[in-house]
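Colleague: I want to learn how to read a model feature by feature. Please start with a single residue and its surroundings.

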Amino acid sequence: MAAAAGCRSTWAMMCSVSTIAMDGGPENIDVRVRAAIRDTKAQTAYGMAGAPDERGFLERAFRTFDIQFAPLFQGRTFSNVVDKGDYKPEDVAEVLIEVLQPALLRYLVDFYHNAPHSGLAGQTPIDAWIEGTRTYGVLPPPSPSRLRAAFGLTVKRRIQNRGIVVAGLEYANEELAALRRQIGQSDVLVKIDTDDLGAISVRADRRGSSWISDAVERRASS
């Protein structure tokens, strides 16, 4: 991802997340967001409404972006109407997501990770990461199948005699056959990684069911 964005530094830091802390905004408490986090085997933690001091690290990150990154672009909305003044961001906004996304990655990977940080006693974030991982280790990142189950494109299908057909490709294995014997012709939920159609994730369309992931292999559809 860093290389695709044109970063000069590498972005080798990766691990599993045990808890994702957020505020209680409607987009964060959405059932789809909570389900995706649950499917990564992480937990959610919501800060108390109206108490930004309860999530100081997150608020400080927003402030850092506001000081260091946001001024590079026109169309800022600012944090309050006093700071905004007579500025009309809607009249000058011009940045597309296709431009903003790689720019943010380059800021994080090339600048922020390599800049001395007062909260790290002057260390850079990348040096602190290297030191910390050598001392404590990290949980390995989620497997591709777990990421697919959490963040993949969702479609509904029925399990046929030859398995499940998605985009003209057939997927089948013993677990899928066993699931068909349990639920018959009921719909199942299918998760697809649009960048890798070598496997899919499947589960019954019912609460509490588990994903069938790793063993669902592709076969050419005739």
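Modeller: Contact means heavy atoms within 4.5 Å. Leaving aside neighbours within four places in sequence, Gly24 is in contact with Ile29 and Tyr46. The model is predicted: local features need pLDDT of at least 70, side-chain atom pairs count only at pLDDT 80 or more, and totals for chains, interfaces and linings use all residues. Residues are numbered from 1 along each chain as its sequence is written, and side-chain values use heavy atoms, without hydrogens or water.

Colleague: Between which elements does Gly24 lie?

Modeller: Helices (H or I, at least four residues) and strands (E, at least two) are DSSP runs, numbered from the N terminus. Gly24 sits in the loop between β1 and α1. Its C-alpha atom is 35 Å from that of Ala199, 175 residues away along the chain.

Colleague: Do β1 and β2 run parallel or antiparallel?

Modeller: Two strands pair if DSSP finds at least two bridges between them. Here four bridges join β1 (residues 19–22) to β2 (residues 43–46), and the strands run parallel. Met22 has Tyr46 in β2 as its bridge partner. Tyr46 is also a contact of Gly24.

Colleague: What kind of unit do β1, α1 and β2 make?

Modeller: A crossover is right-handed if, with the strands pointing away from the viewer, the path from the first strand over the helix to the second runs clockwise. β1, α1 (residues 31–39) and β2 make a right-handed β-α-β unit.

Colleague: How do β4 and β5 run?

Modeller: They are antiparallel, with three bridges between them. Ile164 stands opposite Tyr171 in β5. The two strands form a hairpin with two residues between them. Ala167, in that turn, has a positive phi of about 55 degrees.

Colleague: Is Ala167 buried or exposed?

Modeller: Buried means under 20% relative accessible area, exposed over 50%, and partly exposed in between (1.4 Å probe, protein chains only). Ala167 counts as exposed because its relative accessibility is 62%. Ala121 also has a positive phi, near 60 degrees, and is not a glycine. Ala121 lies in the loop between α5 (97–111) and α6 (125–136). It counts as exposed because its relative accessibility is 77%.

Colleague: Which residues touch the most other members of the largest nonpolar core?

Modeller: In soluble globular proteins, nonpolar side chains tend to be buried together. A nonpolar core is a set of buried Ala, Val, Leu, Ile, Met, Phe, Trp, Tyr and Cys residues joined through side-chain atoms within 4.5 Å. The largest one here has 16 residues; Ile164, Leu179, Val188, Val190, Ile200 and Val202 touch the most other members. Two or more residues come from each of β4 (164–166), β5 (169–172), α8 (174–183), β6 (187–193) and β7. A second, separate core of five residues includes Ala2, Ala5, Leu105 and Val109.

Colleague: Where is Ser201 placed?

Modeller: Ser201 is in β7 (residues 196–204). Ser201 counts as buried because its relative accessibility is 0%. A polar contact is a pair of N or O atoms within 3.5 Å; within protein, one must be able to donate a hydrogen and the other to accept it, and residues adjacent in sequence count only if both atoms are side-chain atoms. The side chains of Ser201 and Arg148 make one at 2.9 Å. Beyond four places in sequence, Ser201 touches residues including Ser145, Ala149, Leu189 and Trp211.

Colleague: Which residues does the UniProt domain annotation cover?

Modeller: An unreviewed UniProt entry places "domain: Transposase-like Mu C-terminal" at residues 155–206. That span is 19% helix and 52% strand, and its end C-alpha atoms lie 14 Å apart. UniProt positions follow the numbering used here, feature names are shortened, and annotations may be inferred rather than shown by experiment.
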